[in-house]
Amino acid sequence: GDVDVDRFVLLVDQLHLAQVDDPVTPVVILVPSSTLLDRIRRLLSHERQSTLLNVHLLTFHQFALRLADELHGQNRPTNIRIVDDLFFEQLVRYLTRNRPSGLAPLQRIGHASGTWAALWSTIRDLKDAGVDPAAALQSVTEGYFGQDEPDRLQALFTLYAAVEEVGKALGVGTADDFTEALIPFVPSSPF
């Protein structure tokens, strides 16, 4: 709608201002998704016929990979390896079955193949929302979630904390964990 057009016009204006004194001034435009990246590239190059000389269009993940390459070149490798959802689904399965402390309610929910994917998806949503597992556990204990299945909530947040702990111990994580680990290095990047 009009809001998208206004934001795009603002982006074009900012790009023009950044390169008004020197048309080859390097500019980086970071966006959250490849779909949006393609749309902006198409709009800038075709519809606005903007010159994209020295304009770098990257997703957050692409920027994180570039930053990781810079760090690797400086003998400062990243400490997180990206693993896929299947790894985390199996980790959730393993923890639920082999760590009885606090996870008993989850051990009774069934063992269909989709169970582990659903539990991992829930934990990933909690991670994406920035929920602190310790604070969530305390909130359950203090009754902030009401009386609706506090045992299951406690087990879920306990599992979430265990997944975080094991991920750190093994040095593995999601693409978002990888990107987040690189944030402190952004200011020192020559890019």
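Start by selecting helix 4 and helix 8: where these two cross, the crossing is right-handed (left-handed would mean that the near helix is turned anticlockwise from the far one by less than a right angle, right-handed that it is turned clockwise). Helices here are DSSP runs of H or I with at least four residues, strands are E runs of at least two, and both are numbered from the N terminus. Before you go on, keep in mind that this is a predicted model, in which local features need pLDDT of at least 70 and side-chain atom pairs count only at pLDDT 80 or more, while totals for chains, interfaces and linings use all residues. Residues are numbered from 1 along each chain as its sequence is written, and side-chain values use heavy atoms, with hydrogens and water left out.

**Stop 1: the crossing**

Stay with that pair. Two packed helices are described by the angle between their axes and the distance between the axes. The axes of helix 4 and helix 8 come within 10 Å and cross at roughly 120°. Those axes are lines fitted to C-alpha atoms, for helices over the stretch in contact, and angles run from 0 to 180 degrees between N-to-C directions. Helix 4 and helix 8 are therefore oblique to each other; under 35 degrees counts as roughly parallel, over 145 as roughly antiparallel, 65 to 115 as roughly perpendicular, and the rest as oblique.

**Stop 2**

Now colour V92, L95, L119, I123, L159 and V163. In the largest nonpolar core, which has 24 residues, these touch the most other members. A nonpolar core is a set of buried Ala, Val, Leu, Ile, Met, Phe, Trp, Tyr and Cys residues joined through side-chain atoms within 4.5 Å. Buried means under 20% relative accessible area, exposed over 50%, and partly exposed in between (1.4 Å probe, protein chains only). At least two residues of this core come from each of helix 4 (85-98), helix 6 (113-128), helix 7 (133-141) and helix 8 (150-170). Which helix gives the most to this core? That's helix 8, with eight residues.

Zoom in on V163. Not counting residues up to four places away in sequence, V163 touches F88, L91, V92, L95, W120 and I123, where contact means heavy atoms within 4.5 Å. Apart from this core lies another, of 12 residues, including L15, I29, L44 and V55.

**Stop 3: two strands**

Next, pick strand 1 (residues 27-31) and strand 2. They run parallel and are joined by five bridges; strands pair if DSSP finds at least two bridges between them. I29 stands opposite L57 in strand 2. Four of the five residues of strand 2 (residues 55-59) are buried, so it is largely enclosed by the rest of the structure.

**Stop 4: two single residues**

Click on F87, which is found in helix 4. Is F87 buried or partly exposed? It is partly exposed, with a relative accessible area of 30%. Leaving aside neighbours within four places in sequence, F87 is in contact with L170 and V172.

Finish at K127, in helix 6. K127 counts as buried, at 17% relative accessibility. Show its surroundings too: beyond residues up to four places away in sequence, K127 touches W120, Y160, E164, T174 and D177.
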